[in-house]
Amino acid sequence: MALAKIRAGMGDVDSESVEVWSDEDEARATGLLQLLGPDGRLVGAPPKLEPALLRELHRGMLRARVLDEKMLLLQRQGRIAFYAEARGQEAAVIGAIAALESNDYVVPAHRELGAALYRGLPIANVVAQLYGNAHDVARGRQMPVHLATPRALRFIPPSSCVATQLPHAAGLAWAAKMRRDPVVVLAYLGEGATSAEDFHAGVNFAAVYRAPCVFLCENNQWAISTPASRQTASRTFAIKALAYGMPGVRVDGNDVLAVHATVREAAARARVGGGPTLIEAVTYRLGAHSSSDDPHRYRSEADEASWKGKDPLERFSIWLAATGTLDAAGAAAQRAAVEAEIAAAVEAEEGIGPPPLRSLIENVFAQPPAALEEQLADLERVRASAPASHDADR
Amino acid sequence: MIYEFRLPDIGEGVVEGEVVRWLVKEGDPLRMDQPMVEIMTDKATVEIPAPRAGRVGKRMFAEGQLCPVGKVLITIELADEGAAEGSRGGSPSRNAAEGGAHAGTGTRPAGPATSVAPLAGRGTAPLSPAARARALGPVLATPATRKLARDLGVDLRGVFGTGPAARITSDDVRNHAGGGRGAGAAPPPISIAREPGDVAIPFRGLRRRIAENMARSKHAAAHFLYVEEVDCTELVALRAQVNVRLAKDAPGRKITFLPFIVKATAQALLVFPQLNAALDEAAGEIVQRKHVHMGLATATAAGLVVPVVRDADTLSVAALGKEIDRLAEATRSGKATREELSGSTFTITSLGQLGGVLAAPIINHPEVAILGVHKIAKRPAVRDGAIVVRDLMNLSISVDHRVVDGYDAARFVAAIKEALEAPAGLWQEQAPRKA
């Protein structure tokens, strides 16, 4: 009796086994759900989505794409230190976040800047973080792209450590369940993360506790230089879900309609106590792992070319134009607006300059201790006597 | 106004980048974000886009050259509008003349690429390093080896790796650095202090070649020394008989012990071809020689030289004696031909009358073994449980243990020992005459 109460307090552990491994489940975990073919033609049931939402999906993907293009140029010009693109993965990133409610939590991996923008984060915040300037919430302390967002956005800061976000996501979801808060947690991960121990910890925990979690695995074929074929001996990444006792779905990650539909279904099930889902979005990282990486050292240009033909943004544009949802002129206007928006953000943030030197000792202690104040005074003295050396470092 | 674009750290901690290919020429109009140059760092090969619009001023580094991070890579003549803007990530030149003699006009015609000639001293490779890297695949080396390569100025992509999976070792880098420095594999030059009365002899010619050969051999071959004692009592007696007979035919004519030793060694080499061999490191092959050409290390006034008895296995001891005498005379008088002083497949070193007891001879690289012959002296020996006086001689053999196993070296010397201890067979054997 007492035990049952405690268990209930922990969030209703359902100890009865979950029946998921039917032939149909296996087919979903090993097949490939596709609604929109690479040529932009509908191959599945037409989506029941409002035209405004469809245009918003397109704009979200476009903002991610143009942001990547422009930020990579800034990095090569030495204006920002580092960048990691999501080029090629926009359908998975945007299709997933668009399927959530605005108060659902998002636990990103490394390439979800576009999802943060979709949530409403101003582009200027992203640019400020990349410059590490005085406007940056973390005041230049974090590596570029690893941005902190306002708490209200419910968008957790990404960590460079692979798969550590998955136990966080399971914990967030479990906490929500205990609070009887009907929110869902969307956790992004790469296929490389499935080889890390935290994948097991997070996914297994979420399954055991039926935490309202959607794990979206962006299988972009490459974990830096490790190909997906070296990542697992399982038939697919999605089929791992069945062993954990949750549904696994394999979906065309370059098909924004398929991703959106799949995540929406998984989120709806999670919201009513149905537990987590692992979705494998099969996609491709068209760019390098990061601005410090050269993919031609480990993969062929033919490989890249074959995936360029499956570009998620292009196929969606074709379909939107064909259905009259967004014609070429509309798409061009959307692109011009996004480019202007990003250019304005860069112009505004580039001149802001670094956070004040004093910020070095702030934000850790409520009242900076005397020793730190002393060190800061020393630093300011040295800097005042040799201003040139600081400039030379720029 | 001139904008100086300094090479940024484009890969989390790179210190320099190699200019792989220029995509713009001096004087070209330049759009914002237009690709200017392909730069290869140790992490990636990337295109650098223009940070400002305007016109290409000066390309400060030629293709194939290394541009350190923070150095001006290219100057851009800014359009008037750009000139008014502040700059970040690069810096407008305080003195426009620094960037070139054409400041301010913006209408200078396209200059030829050769205008960077003063900086192009190091020259460019016919195949770009990026292309080489793509052709050869990635380089395997530990960070310590990479650091060493940077310190020695060695491009790892040109180094042959001898470690597992063709991994480049630190020794490979050092060898490469040594071999790449001029003609010889000389170590870094060392200066020494002089005192009054010291004599300085030019280190060149034969002495220099000897030094290089010895150093190369000691550096490359894994020297393994093996010493055996040979009872030459019967050989001494036989030689005395032979000399009595020779003196009858031609007064003053004598045979030394060396022809017997050469004969015994040449015969043993036919049985152990692994010692009559050379290591072709470039081809990755051990080459076992068809012929036995016996090199005889010989002291001359100028230094050590090695005359060669060709097809020593086919000559009788008497014929060997004549040939050795002829070669020794030709060598000492400086009349030996180049052919007579090269082409050995195995070498014997003998100090003649001095002989010594033991030596650790240096292999005549790239051969794989050298036999040292020592003094024959009357020493006590135990025979049938009694101490008797015998004529004993030591043989020292150095083999390249990379190629020749110690056991084979021992068996080889045992075969020589056996032949020398029963020398009648050596003397009687009538080898086929050379054509």
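**Two chains and how they are built**

The contact between the chains draws on 15 residues of chain A and 17 residues of chain B, where two residues are in contact if their C-beta atoms, placed from the backbone, lie within 7 Å. On the side of chain A that touches chain B, the largest share, three residues, belongs to helix 3 (residues 51-76) of chain A. Sorted by class, that side of chain A holds three nonpolar, six polar and six charged residues. Here Ala, Val, Leu, Ile, Met, Phe, Trp, Tyr, Cys and Pro count as nonpolar, Asp, Glu, Lys and Arg as charged, and the others, Gly among them, as polar.

The model is a predicted one, in which local features need pLDDT of at least 70 and side-chain atom pairs count only at pLDDT 80 or more, while totals for chains, interfaces and linings use all residues. Residues are numbered from 1 along each chain as its sequence is written, and chains are lettered from A and ligands numbered from 1 in the order in which they are written.

Chain A first. Its make-up is 15 helices and seven strands; helices (H or I, at least four residues) and strands (E, at least two) are DSSP runs, numbered from the N terminus. Among contacts in chain A with a separation of 6 or more, 77% link residues 24 or more positions apart.

Five strands of chain A make an open sheet with parallel pairing, in the order 1-2-3-7-6; two strands pair if DSSP finds at least two bridges between them. Strand 1 (105-107) and strand 6 (248-252) of chain A sit at the edges with a single partner strand each, so one side of each has no neighbour in the sheet. On average, neighbouring strands of this sheet are turned by 20 degrees against each other, direction ignored. Within the sheet, strand 3 (residues 213-219) and strand 7 (residues 277-282) of chain A run parallel and are joined by six bridges. Glu218(A), for one, has Ala281(A) in strand 7 of chain A as its bridge partner. Across strand 3, strand 6 and strand 7 of chain A lies helix 10 (residues 256-271) of chain A, which runs at about 175 degrees to strand 7 of chain A. For such angles, axes are lines fitted to C-alpha atoms, for helices over the stretch in contact, and the values run from 0 to 180 degrees between N-to-C directions.

Helix 3 of chain A turns up again in a helix pair. Helix 3 and helix 4 (residues 90-97) of chain A pack at about 135 degrees, with their axes 9 Å apart. The two helices are therefore oblique to each other, given that angles under 35 degrees count as roughly parallel, over 145 as roughly antiparallel, 65 to 115 as roughly perpendicular and the rest as oblique. Leu57(A), Gly60(A), Met61(A), Ala64(A) and Arg65(A) in helix 3 of chain A meet a set in helix 4 of chain A that includes Val93(A) and Ile94(A).

Now for chain B, which has 10 helices and 18 strands. Buried residues account for 30% of its 435 residues. Where contacts in chain B join residues at least 6 apart in sequence, 66% of them join residues at least 24 apart.

One open sheet of chain B has four strands in the order 5-4-2-7, with antiparallel pairing. Strand 5 (45-49) and strand 7 (66-68) of chain B are at its edges with a single partner strand each, so one side of each lacks a neighbour in the sheet. From one strand to the next, the twist averages 40 degrees. Strand 2 (residues 16-22) and strand 4 (residues 35-40) of chain B run antiparallel and share four bridges, and Arg21(B) stands opposite Glu38(B) in strand 4 of chain B.

Further along, strand 11 (residues 277-280) and strand 12 (residues 285-288) of chain B are an antiparallel pair joined by four bridges. They form a hairpin with four residues between them, and Gly284(B) in the turn has a positive phi of about 70 degrees.

Technical notes: Buried ≥ 20, exposed ≤ 12 C-beta atoms within 10 Å, placed from the backbone.
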